[in-house]
Amino acid sequence: MDYSPPAKMFKVCSGPGCKAWDCEKILALIRESMNQPNDSKETCVFPVSCMNKCGGGVSVEMLPSKKSVKLREPNEILKVLNLKQGM
């Protein structure tokens, strides 16, 4: 049986500072995108405790590249979801 990892994997900080920036809405938008038939197996999200990158928005790390972004508005995750890993 072949296993291929998801094309898009995200760690989303859910620490207190990121909660103030609506990390729950970002997680909900990612999960909503996972319910789409074309993307369900290609996206994986991991809510994590504080990533110690506080201030300025919600910390989101893309795996396996480990690139991090700060999102100030929940709908900004929609742009990130369209990015290919490794960019």
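The model is a predicted one.

Four strands make up an open sheet, and reading across it gives the order β2-β1-β3-β4, with mixed pairing. At the edges sit β2, covering 43–48, and β4, covering 67–71, and each of these pairs on one side only. Going from one strand to the next, the twist averages 25 degrees. As a general point, strands of a sheet pair through backbone hydrogen bonds, in either a parallel or an antiparallel way.

Next come β1 and β3. Strand β1 takes in residues 8–13 and strand β3 residues 58–63, and the two pair in the antiparallel sense over four bridges. Along this pairing, Phe10 stands opposite Met62 in β3.

Then there is the helix. Helix α2, made of residues 23–34, lies across β1, β2, β3 and β4. Relative to β2, helix α2 runs at about 160 degrees. Glu24 and Val58 are 34 residues apart along the chain, and their C-alpha atoms are separated by 9.8 Å.

Glu61 counts as buried because its relative accessibility is 8%, and buried means under 20%. Setting aside neighbours within four places in sequence, Glu61 is in contact with Met9, Phe10 and Lys11, with Met51 and Lys53, and with Lys66, Lys67 and Ser68. Phe10, one of these partners, is the residue that stands opposite Met62.

The other is Ser59, also placed in strand β3. With a relative accessibility of 3%, Ser59 counts as buried too. The side chain of Ser59 is joined to that of Lys70 by a polar contact of 3.0 Å. Once neighbours within four places in sequence are left aside, the residues in contact with Ser59 are Lys11, Val12, Cys13, Cys18, Met51, Lys53, Val69 and Lys70. Lys11, Met51 and Lys53 turn up among the contacts of Glu61 and among those of Ser59.

Note on methods
Residues numbered from 1 in each chain as written. Predicted model: local features only at pLDDT ≥ 70, side-chain atom pairs only at ≥ 80, totals over all residues. Heavy atoms only, no water. Pairing = 2+ DSSP bridges. Axes fitted to C-alpha atoms, helices over the stretch in contact; angles between N-to-C directions. Contact = heavy atoms within 4.5 Å. Buried < 20%, exposed > 50% of the residue type's maximum accessible area, 1.4 Å probe, protein only. Polar contact = N/O pair within 3.5 Å; in protein donor to acceptor, adjacent residues only side chain to side chain.
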